[in-house]
Amino acid sequence: MKKADIFHFFERLAAANPHPETELESVNDYTLLVAVVLSAQATDAGVNKATRRLFAEVDTPEKMVALGEEGLRQHIKTIGLFNAKAKNVIALSEALIADHDSQVPADRDALEALPGVGRKTANVVLNVAFGQETFAVDTHLFRLGNRTGIAPGKTPLAVEKKLERNVPQPFRLHAHHWLILHGRYVCKARTPECWRCIVADLCAYKPKTPAPKGWKEPAV
């Protein structure tokens, strides 16, 4: 995709949703970190359902360690891989207490050194909690990067590096949120809803999905 087209791509997404936010619920930087760790191979809605009561009671590393691994498992047992995630959350909470004065570090290397925290999780936390221009490549961003032609790549890291090069200002801070939301609700994995996509004419995806029979464009 040409640079001018990429600019217009994000310009339209921004106009439609000027202030995009993560759909993961949290009450502070610590609970955001925990929510993102729990969201691996799980839906945001599923994580939110499990964590609303948890975060009402547990919002610091100390409280999480006091809750313990078994107590945490009981809160998150509806989330996939909950046993491993409970172990990681307790371990990262202990590491925050021991090494970071119970604060979430605003540093990629420090975040990735925490149990259960990979590059994507670190990117989300750096962006949402600390306002850094990062690109958290999940399945949606990987798909859109390749499907649209904005940032083609064979690996998540390759797509991330392309996004870093290709996404212009003033869209860099919120770009990954726009792409996640567009991938979640419009440019879906199995059947992209091209007929109602506001950037379809800029997208490199050729077999555009036609509108279903009987669909009518909403009145403006």
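Glutamate 70 has a relative accessible area of 43%, so this residue counts as partly exposed. In this predicted model, glutamate 70 forms a salt bridge with arginine 73. The two residues are three apart in helix H4 (residues 61-76), which means that about one helical turn separates them.

Side chains of opposite charge can pair when their charged atoms come close. The structure holds 14 salt bridges, including these:

| Salt bridge | N to O distance |
|---|---|
| Aspartate 201 and arginine 12 | 2.5 Å |
| Glutamate 70 and arginine 73 | 2.5 Å |
| Lysine 188 and glutamate 193 | 2.9 Å |

Aspartate 201 and arginine 12 form a salt bridge that links distant parts of the chain, 189 residues apart. Aspartate 201 lies in the segment after helix H10 (175-185), and arginine 12 in helix H1 (residues 3-16). Aspartate 201 is exposed, at 57% relative accessible area, whereas arginine 12 is partly exposed, at 29%.

In the salt bridge of lysine 188 with glutamate 193, lysine 188 is partly exposed at 31%. Glutamate 193 has 14% relative accessibility, so glutamate 193 counts as buried. Salt bridges with shared partners also join Glu23, Asp44 and Arg184 into one network.

The rings come next. There are four aromatic pairs. One of them, phenylalanine 9 with phenylalanine 10, is edge-to-face, with 5.4 Å between centres and 70° between planes. Both of these phenylalanines are buried. The planes of phenylalanine 171 and tryptophan 178 stand at 70°, so this pair is edge-to-face, with centres 6.2 Å apart. Phenylalanine 171 and tryptophan 178 are both buried. Ring pairs link Phe7, Phe9, Phe10, Phe171 and Trp178 into a cluster.

Key
Residues numbered from 1 in each chain as written. Predicted model: local features only at pLDDT ≥ 70, side-chain atom pairs only at ≥ 80, totals over all residues. Heavy atoms only, no water. Phe/Tyr/Trp six-rings, centres within 6.5 Å; stacked < 30°, edge-to-face > 60°. Buried < 20%, exposed > 50% of the residue type's maximum accessible area, 1.4 Å probe, protein only. Salt bridge = Lys/Arg side-chain N within 4 Å of Asp/Glu carboxyl O. Helix = DSSP H or I, 4+ residues; strand = E, 2+ residues; numbered from the N terminus.
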